[in-house]
Amino acid sequence: MKVDLAIINAQVFNTFTKKFEKKNVFIVEDKFYYLSADEMKEFQAVKVVDAKNQYMIPGLIDIHMHIESSMTSPSIFSEAVLTHGVTTVVADAHEIANVFGMEGLEAFFSQPSVMDIFYAIPSSVPSTTPELETTGGYIGVEEVKQLLKHPKVIALGEAMNFNGIVNEPDSLIRQILRAVQTERPFMPLEGHVPRVSGLELSKFLYAGITADHTHQSPESIYEKITNGMFLEFQKKSITPENIRVVVENQFYDYMAFITDDVMADDLLEGHLDANVRLAIFCGMPAEQAIYCASYTPARRMGFQDRGAIVPGFKADFILLNDVGSFEIGSVFKDGKLVYNHGDGINYPAVKPDFPEHFYKSLHCRALTTEDLRFKVKAPEKAVVNVIQISEVGTFTEHVQREVKVIDGYLDWENSGLALMVVMERYGKTGSIAYGFVDKALNEKGAVATTWAHDHHNLMVMGTSSEDIVIAQKQLLDMQGGYVVVQEGKVQGVCPLPVGGIISDAPIQELGAQLKEVRQAMIRLGYKNSNEIMSFSTLSLPVSPVIKITDKGMMNVRSQMMIPLVEGEQF
């Protein structure tokens, strides 16, 4: 019998025993056909690859991630992550949907890719309500019903409006949940469930949300899994203490590794493979880590054709040089070599293609220093509300500080705080909101972006009025991205001209630009385990505790607005 490919002398991972067995693997077209310890001379292979005892494992499957977080197109993203052994992803494209709505989703769906890209319906566009944040696009019940018919759509993306899910039976997110449960009753419903426990956790589960990917602790892991919630571990949840809970309780079947957000500069170093390596380092047996990056995510999403090396499944696999270090030798997609270490990608690059107007999406005016002066009634000092960032993760705290008043104006530039400005950029309202940020910058300068979770309005933060104005103008000139200014000079830029959130540059170029921005932020004093993500999520009004949109600062749980200065409005 003729077969297309034979992989001989491989240590093949058996998903069901979680052991490696020396086998020969025969592939017909794009599927595994037969596995045998024998030579099987009756098979004539068009091509034979001698694995020489390399370790053969299923292609990695990432079921919760956002391509836009890597600030690149699906086509370029596919090329980048295949080198890291990722052969299937389920992307929640709610970032492009927040900017361009259904048109943005269709643009993503139509982009060619070698890897398999499936999609989750963005359930929260906007993440809260139009009254609390302005977005360019909107996904309501009717849009969800249209998306349910798309062949690439296989899940509902992270439901994240806490109030809407827990306290408001007629909220948009509850309407969306009911529509999906009616039209596609067995579709996985993904959740964004940070710091939720007890009765509130039960309310999430009762609404049909059965997975969470947010930052976990040993206590939350045990409570959520024992209450029936599937957990998706991103990098910040892969710690020795968290992995210990999984190992001690044999929770492997109820979890998977995912990436959620990987910045473009980090993507040059690793993707889901990096999280597998981290899990092994933190104490998870390598075989179980492979299982949780291939089979359990496949089962969660209902895939019946991938996640294991067995007859009839897609021939997506990796040849590892070493299991413990997870060193990738080569990657095969649909039975074809797509990447070989040392040789690079084994197919022609695909160029992204977006509508012309996607490159001209910023519609707001230039700031002036006069916009950054705040006249107050207090004679000497005013009490201001402040977003206090942390050095790890994206959670914030609400604190208050006293700021001197000079000649009737806040002397914020000498307060030790940074001023945050969020401008509506879609040409709808022209609204501008202000906030103060603590533990952000300790040098004179500014950081600006249009990559502001999830509404993606223009956001600029600085300790100097002049630098804020310079950064915002540079951002307008290049139609979006990241800008860092220090003492009047631009120190780092990363253009994202497609909707203000996507670059069509090669990933190596994009990664280098973002790294430059990151280093410039560090020089300004920004301290966080992920400076870019920390800054970009200061605008995410569903991530605890206090965040800012173009409508103002708000308490995430109560969704009540918080004034810049106590007792005054601007």
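Mentor: Let us begin with contacts, where contact means heavy atoms within 4.5 Å. Leaving aside neighbours within four places in sequence, Gly 445 is in contact with Met 461, Gly 462, Thr 463, Ser 464, Asp 467, Val 485, Gln 486, Glu 487 and Leu 524. This is a predicted model, in which local features need pLDDT of at least 70 and side-chain atom pairs count only at pLDDT 80 or more, whereas totals for chains, interfaces and linings use all residues. Residues are numbered from 1 along each chain as its sequence is written, and side-chain values use heavy atoms, with hydrogens and water left out.

Trainee: Is Gly 445 buried or exposed?

Mentor: Buried means under 20% relative accessible area, exposed over 50%, and partly exposed in between, with a 1.4 Å probe and protein chains only. Gly 445 has a relative accessible area of 0% and is buried. It lies in strand S23, residues 445-449; strands (E, at least two residues) and helices (H or I, at least four) are DSSP runs numbered from the N terminus.

Trainee: Which side chain forms a polar contact with that of Gln 559?

Mentor: A polar contact is a pair of N or O atoms within 3.5 Å; within protein, one must be able to donate a hydrogen and the other to accept it, and residues adjacent in sequence count only if both atoms are side-chain atoms. The side chain of Gln 559 makes one of 3.3 Å with the side chain of Asn 161. Gln 559 sits in the loop between strands S28 (552-555) and S29 (561-562), and at 13% relative accessible area Gln 559 is buried.

Trainee: How many cavities of 30 Å³ or more are found?

Mentor: The search of the whole structure finds four. The largest cavity has a volume of about 100 Å³, and of its 14 lining residues Met 160, Phe 162, Val 542, Val 556 and Arg 557 lie nearest the centre. The second largest cavity has a volume of about 40 Å³; S9 gives the most to its lining, with four residues.

Trainee: Which residues touch the most other members of the largest nonpolar core?

Mentor: In soluble globular proteins, nonpolar side chains tend to be buried together. A nonpolar core is a set of buried Ala, Val, Leu, Ile, Met, Phe, Trp, Tyr and Cys residues joined through side-chain atoms within 4.5 Å. The largest has 185 residues, and Ile 7 and Phe 257 touch the most other members. H2 supplies the largest share of this core, nine residues. A second, separate core of 14 residues includes Ala 120, Ile 154, Phe 230 and Phe 303.

Technical notes: 1 Å grid on protein atoms, 1.4 Å probe; cavity = no way out; pocket = protein on both sides within 12 Å on 5 of 7 lines; lining within 4 Å. Points joined across faces, edges and corners; volume = space filled by probe spheres on them.
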